[in-house]
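Here are my comments on the model you sent over.

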Amino acid sequence: MILELDCGNSFIKWRVLKSALGILFAEGVVDSDLALLESLRALDGLSLRRCRLVSVRTTEETDALVDVLEREFAISVVRATSAKEMSGVRNGYEDYQRLGLDRWLAMLGGFHLASGKACLVLDFGTAVTADFVGADGEHLGGFICPGMPLMRDQLRTHTRKIRYGDQAAERALSSTAPGRTTVEAVERGCSLMLRGFVLTQMEMARASWGESFTVFITGGDAQLVADVAPDARVVPDLVFVGLAMACPFS
Ligand SMILES: Nc1ncnc2c1ncn2[C@@H]1O[C@H](COP(=O)(O)OP(=O)(O)OP(=O)(O)O)[C@@H](O)[C@H]1O
Ligand SMILES: CC(C)(CO)[C@@H](O)C(=O)NCCC(=O)O
Ligand SMILES: [K+]
């Protein structure tokens, strides 16, 4: 079995594949290394042979996780690393090592799934990112802005009277009508910021590529924006698609 990990800033997305063919054995989202170990230990019939991971955490944090995995499961762990060029995609950053590895892998995955078409890759996590990859594989650059969790927390932190719980937040997002309570006003306001972001990115893509491009949407908050781009492909495991390309086994 293969363990795959996407270590983001707030959460670790994990999954276990039965074989290189990609048959899913188990998956989950956890908020700490310890919670990951607990989830894995609780799996009946787990027999890990390999692990590949991508991390946007510090080297020290990632080293610590790799150590504990290697010790606990006696497996070697392969990490995705930066590259100037891979699978037909050319990194567009001035310093290619500065580009977030989750963005890089999502681009590899998107360009592969788009079969040679230009693509716009949008990721809605703790941060929101957009990346543009031309039909020739040239990465034209992208954008980074705060995601839903950061926008919401900044408002809560820097105001006296914006206070509400997670359940109220979830209920508030059932509509985008103007809010009549604080929670509705904030949650819908932030969600509209993200939706506006999607529309702007698609306008930029159209300006460069006309109608011939594919939009990919991924990340934990993908569902908040998916309906403003009905033609977009929502691919929750896009980073994992790229991870398998960057860290192939055999
Ligand atoms: N099953 C889930 N577990 C955790 N968060 C989820 C889940 N489904 C949706 N979310 C939402 O996804 C967002 C986090 O997104 P995601 O997990 O893609 O990114 P992250 O790991 O926090 O950060 P990064 O952008 O660095 O990858 C949060 O706003 C959270 O509410
Ligand atoms: C932007 C995030 C936080 C998105 O997860 C990540 O890709 C990252 O830490 N990137 C490094 C900075 C950059 O991509 O320019
Ligand atoms: K991510």
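This is a predicted model: local features need pLDDT of at least 70, side-chain atom pairs count only at pLDDT 80 or more; totals for chains, interfaces and linings use all residues.

1. The largest pocket holds about 1300 Å³ of space. It is lined by 45 residues, and those closest to its centre are Phe124, Gly125, Gly219, Gly220 and Asp221.

2. Which elements give two or more residues to that lining? On the strand side they are E2 (12–17), E3 (24–30), E8 (118–124) and E9 (127–133). The helices are H3 (101–113), H4 (148–158), H5 (166–172) and H7 (238–246). E3 makes the largest contribution to the lining, with four residues.

3. Where does ligand 1 sit? You'll find ligand 1 in the largest pocket. Around it are 14 residues, the closest being Asn9, Lys13, Thr126, Gly220 and Asp221. Gly220 and Asp221 also turn up among the residues closest to the centre of the pocket.

4. By class, the shell around ligand 1 has five nonpolar, seven polar and two charged residues.

5. For threonine 126, a polar side-chain atom is 2.4 Å from an oxygen atom of ligand 1. In lysine 13, a side-chain N or O atom is 2.5 Å from a ligand oxygen. Serine 10 has a side-chain N or O atom 3.3 Å from an oxygen atom of ligand 1.

6. How much of ligand 1 does the protein cover? On its own the ligand has 630 Å² of accessible area, and the protein covers 72% of that.

7. Now the second largest pocket, with about 300 Å³ of space. It has 15 lining residues, and Ser55, Arg57, Thr59, Ala80 and Leu101 are the closest to its centre. Strand E4 (50–55) and helix H2 (59–73) each give at least two residues to this lining.

8. As for the class make-up of the second largest pocket, its lining has four nonpolar, eight polar and three charged residues.

How values were computed:
Residues are numbered from 1 along each chain as its sequence is written. Chains are lettered from A and ligands numbered from 1 in the order in which they are written. Side-chain values use heavy atoms; hydrogens and water are left out. On a 1 Å grid over the protein atoms alone, a cavity is a set of points where a 1.4 Å probe fits but cannot get out, and a pocket is an open set with protein on both sides within 12 Å along at least five of seven lines; lining residues have an atom within 4 Å of a point. Grid points are joined across faces, edges and corners, and a volume is the space filled by probe spheres set on the points. Ala, Val, Leu, Ile, Met, Phe, Trp, Tyr, Cys and Pro count as nonpolar, Asp, Glu, Lys and Arg as charged, and the others, Gly among them, as polar. A residue is near a molecule or strand if one of its heavy atoms lies within 4 Å of it. A polar contact is a pair of N or O atoms within 3.5 Å; within protein, one must be able to donate a hydrogen and the other to accept it, and residues adjacent in sequence count only if both atoms are side-chain atoms. Accessible areas come from the Shrake-Rupley method with a 1.4 Å probe; for residues, only the protein chains shown count as cover. A molecule sits in a cavity or pocket if more than half of its atoms lie within 2 Å of its grid points.
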